[in-house]
Amino acid sequence: MNKINHQQTANNVETQSVERMKAKDPPTPSKKPKSPKPQNAVTIAVSSRALFNMEFEQQIFEQKGMEEYLKYQLDHETEPFAPGPAFPFIKALESVNEQLRNLYPDSEELFDVVLMTNNHAHAGIRLINSINHHNLFVERFCMTGGNSPIGYLKAYHTNLYLSADSSKVREAIEEGIAAATMFSAEKVTQVSETQLRVAFDGDAVLFSDESERIYKTQGLEKFFEHEKTYENKPLDHGPLKGFLEALGKLQRKFYAKGHRIDCPIRTYLVTARSAASSGSRALKTLRAWGLETDEALFLAGAPKGPMLAKIKPHIFFDDQMFHIEGAAELGTVAAHVPYGIAQKMPPKKTKDI
Amino acid sequence: MDPQSDCTLVTAVSCHDIFDLQTGQSDSSPLAKGTAFAFIKAVQSVNERLVKLSEKQTLLFEVILLGKDCEEQAKSKIFDSAKYYDLEIGKFCFCSKEKFERTLQENHVKLFLSSDRDDVHSALKAGVPAALLCQQADQQVQNQLKVLFSGDLIGLTEDSTEYLKDLGFNDVQIHNFKAAKGRIQEFAMLIGEMRRRFGCEDSPLHTILMTVWGSRDICATALKTLRAWGLDVDEAFCLAGAPCTPILTVLQPHILWDDGLHNLKET
């Protein structure tokens, strides 16, 4: 029932409509667990286009406008959407929640998923039908009818915001909320349904872009020199540091009950820094923050795609589209963090941080 | 009933909400603005837009000012201030406290708004549709009239009262909520009709559904019910028990129709 459908390309509209299944009756609801209070939970806000595949509908909106778009949604209300790029990630969160509830039945320290969409409430019933169809635990939603989601993101103490709309993601980051842009992919690898795996780039994602600036403006040699000189000075924090911290807190709950090796949450640092030199500062910074990742992969500038294909994370965060594309080419769901100097300068094709 | 007046959305507002009658002021200056000020101005811009669409428009808001136990001096101050601020008030009704509910009934009020929860409650008890008038964070006139409906009330069905019992509401209260759902209907239908006069974007009237405790299925029921009544809301929120104050602070609705179901204080 929870089979993850592979994404179709945008051109393949005919096949897409054939794939749309009519909604089955929702399964008999057992008593659902209560949603945790926002301040206790790790809140993930996800947009409708990140959670579901709405490419066809998006095309209608772009080509024919709002009224046609809403009419289409209404006419197809009983047809659930197929999964979108964030779907496997959200499913894995639910699996972690189940395991957390088994170990700590009274705790509210869980993942909480909020559907945060710009859609008008007219499309609301179709979205709710889709959530029911896929048996997702999404009880909270905000359909803002075109208004900015920022105020609501804050009201929910959002720890991570995923959206297909890069301008909203940018806005969120500027307001200090961890956020990343998601893209639909043509090829998506099957990922674990029981262990959540999250991979992070280092500079301008977990860390600030201070060192990346040096590399981009003064070159590789200067970068190495700088990192060596300041090896013991922790880097400043980047937009996703808080999210790694939140994951770490949940991981420690599993460790406390003896689940260290088989922890249902696993984190990875995937950086272009090299183990021999500049990588040291990255590790020391994490240590200074009291944080860690389960694995740290120093690629010394090699492409990240193949390594990620081995790791099979549910999501990979990077600030550079070059790496995002490289990851997606080999089937990894990669989300773009529009932060730092990389957004202002053209991408370098050769050795990168 | 006169078919003409049947279409008019007669809304009664207490003069204590329109103007600040407490703080003393000199004889010459107008009364200070109250909670309802932004609401009235927003209603006026909706009317303006409706009339622009069709001059023979009958579906309009009509605002009635209600004054409970007002002194003669205050009455003339109220008239003058309303004129000063260019408020389109259809009728000024001054009555005693005892005749308050009767005055509402006699004027075929489709909605009584007050920032005083007790007043709202008495009106509801007398069978008059009533809702809470919300304090706006900044008294700056908004160019949109925002009306918020409770999904917990509208999504209520025979089978779905369990969760209200779990929250601690008793059978009498639940019965009252069901009755409340009936009262909202007429108002919601009129708002729906008005809303349809405008397009999806750039509407002076903005409708919101908020389900505070109900599940997403309760919210879906509420959306379908409203649609059956002719109202397709613009925004929808399902909180699943999260505190509503932070969300309301962002939304800033003028009218909040929850029939006393929700306590707006942080739980």
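**Chatting about the contacts in this structure**

Visitor: How much area is buried between domain 1 of chain A and domain 2 of chain A?
Guide: About 2100 Å², and carbon and sulfur atoms give 78% of that. Keep in mind that this is a predicted model.

Visitor: Which residues of domain 1 lose the most area to domain 2 there?
Guide: In domain 1 of chain A, those are A:Phe89, A:Leu103 and A:Tyr104. Together they make up 24% of what that side buries.

Visitor: Back up a bit. Where are these two domains in chain A?
Guide: Domain 1 covers 6-183, and domain 2 covers 196-337. Their centres, taken over C-alpha atoms, are 26 Å apart. The contact uses 26 residues from domain 1 of chain A and 25 residues from domain 2 of chain A.

Visitor: OK, new topic: chain B. How many helices and strands are in it?
Guide: Chain B has eleven helices and eleven strands. Its radius of gyration is 18 Å, close to the 18 Å the globule rule gives for 267 residues, so chain B is as compact as a globular protein of that length. Along its principal axes, the C-alpha trace of chain B spans about 55 × 40 × 40 Å.

Visitor: So what about chain A against chain B: how much area is buried between them?
Guide: About 2500 Å², with carbon and sulfur atoms giving 57%. On the chain A side, A:Ile125, A:Phe141 and A:Tyr152 lose the most area to chain B, together 21% of what that side buries. The contact takes 31 residues from chain A and 29 residues from chain B.

Visitor: How many salt bridges cross between chain A and chain B?
Guide: The rule finds two. In a salt bridge between A:Glu77 and B:Arg227, the side chains meet at 2.8 Å, N to O. There are also 14 residue pairs in polar contact across the interface of chain A and chain B.

Visitor: Which helix gives the most to chain A's side?
Guide: H6(A), with five residues. By class, the side of chain A that touches chain B has 16 nonpolar, nine polar and six charged residues.

Note on methods:
Residues numbered from 1 in each chain as written. Chains lettered and ligands numbered in written order. Predicted model: local features only at pLDDT ≥ 70, side-chain atom pairs only at ≥ 80, totals over all residues. Heavy atoms only, no water. Domains from an automatic or database assignment. Contact = heavy atoms within 4.5 Å. Buried area = accessible area lost by both parts, 1.4 Å probe. Helix = DSSP H or I, 4+ residues; strand = E, 2+ residues; numbered from the N terminus. Rg over C-alpha atoms; globule rule 2.2 N^0.38 Å. Salt bridge = Lys/Arg side-chain N within 4 Å of Asp/Glu carboxyl O. Polar contact = N/O pair within 3.5 Å; in protein donor to acceptor, adjacent residues only side chain to side chain. Nonpolar A, V, L, I, M, F, W, Y, C, P; charged D, E, K, R; others polar.
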